[in-house]
Amino acid sequence: MEDETQEEILAQFKEKRLGGWGLLQLTAGTGLAAYAVWAGILMPGFRRVPLKLQVPYIPASKRQVCNVMTLLKGRTGSLADLGSGDGRIVLEASQKGFSPAVGYELNPWLLRLARFHAWRTGHYGKVSYRREDLWKVNLSGYENITVFLAPSVLAPLQKKLLAELPEDAMIVAGRFPFPDWTACRIEGDGVDRAWAYHIQALRKHHRSSKDSKSAEQTS
Ligand SMILES: C[S@@+](CC[C@H](N)C(=O)[O-])C[C@H]1O[C@@H](n2cnc3c(N)ncnc32)[C@H](O)[C@@H]1O
């Protein structure tokens, strides 16, 4: 009897064709599900960040982390990872002696994961992960900055870093270089590559190109 009912239902399904309205519902449903994953898991906490500045989570590869650390060799002091994800760069930096080692991240799931990793590796209390928008953080206290962000946000970030960082600061970018800056050192290949920049050299270059532009205009 039950088998009969199931067969009847199956037959009814087979008879039904997906019309225009059905197709529209299916598309809307799929779109809504994709949005829910995006907003709820990948990008929660980003409501106040303008769309053009939103960067999704992609973890740095082991080789990328290693290249970033190689470029920071010989340096000490404070370090901030802007968009710290699951905290892997901050944790590695803390293990290499950077203190305070701080990660700024808006995704609460990733912050929990980062804190869990810190606790699991005995680094709880030595690192800190803050739920703050990297564009609103005052970076003037950091001697070392690491970033792995989308190329589209690196141009506006250049301005912020030039305006706020102390003179002896170093910036290391993973995967994508800053568009207008010349790196003092490069480490690794392909997607694992990392670029290092000295803020002092960048400011000097920035000033001299400004001077030559104004000299051209007056002549
Ligand atoms: C490409 S992932 C890099 C994660 C990590 N730094 C790593 O190397 O594994 C970029 C991270 O930046 C975070 N992020 C993007 N925009 C941010 C913002 N305005 N403030 C704080 N975190 C942000 C994202 O949530 C994401 O976790």
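1. Pro100 sits in the loop that runs between α4 (88-95) and β2 (101-104). Helices (H or I, at least four residues) and strands (E, at least two) are DSSP runs, numbered from the N terminus. Ser99 and Pro100 are joined by a cis peptide bond, with omega about -5 degrees.

2. A word on the model: it is predicted, so local features need pLDDT of at least 70, side-chain atom pairs count only at pLDDT 80 or more, and totals for chains, interfaces and linings use all residues. Residue numbers start from 1 along each chain as its sequence is written.

3. Now to β2 itself. Ala101 and Gly103 point one way from this strand, Val102 and Tyr104 the other way, and all are buried (20 or more other C-beta atoms within 10 Å of a residue's own, with C-beta atoms placed from the backbone). In a regular strand, side chains alternate between the two faces of the sheet.

4. Which strands pair with β2? Strand β1 (residues 79-82) runs parallel to β2 and is joined to it by four bridges; Leu82 has Tyr104 as its bridge partner in β2. Strand β3 (residues 127-130) also pairs with β2 in the parallel sense, over four bridges, and Gly103 has Tyr129 as its bridge partner in β3. Pairing here requires at least two DSSP bridges between the strands.

5. β1, α4 and β2 form a right-handed β-α-β unit. From β2 the chain crosses through helix α5 (residues 108-120) to β3, again a right-handed β-α-β crossover. Right-handed describes a clockwise path from the first strand over the helix to the second, with the strands pointing away from the viewer.

6. Finally, have a look at Arg175, in the loop between β5 (170-174) and β6 (185-187). Its phi is near 70 degrees, a positive value in a residue other than glycine. Arg175 is buried, with 22 other C-beta atoms within 10 Å.

Technical notes: Buried ≥ 20, exposed ≤ 12 C-beta atoms within 10 Å, placed from the backbone.
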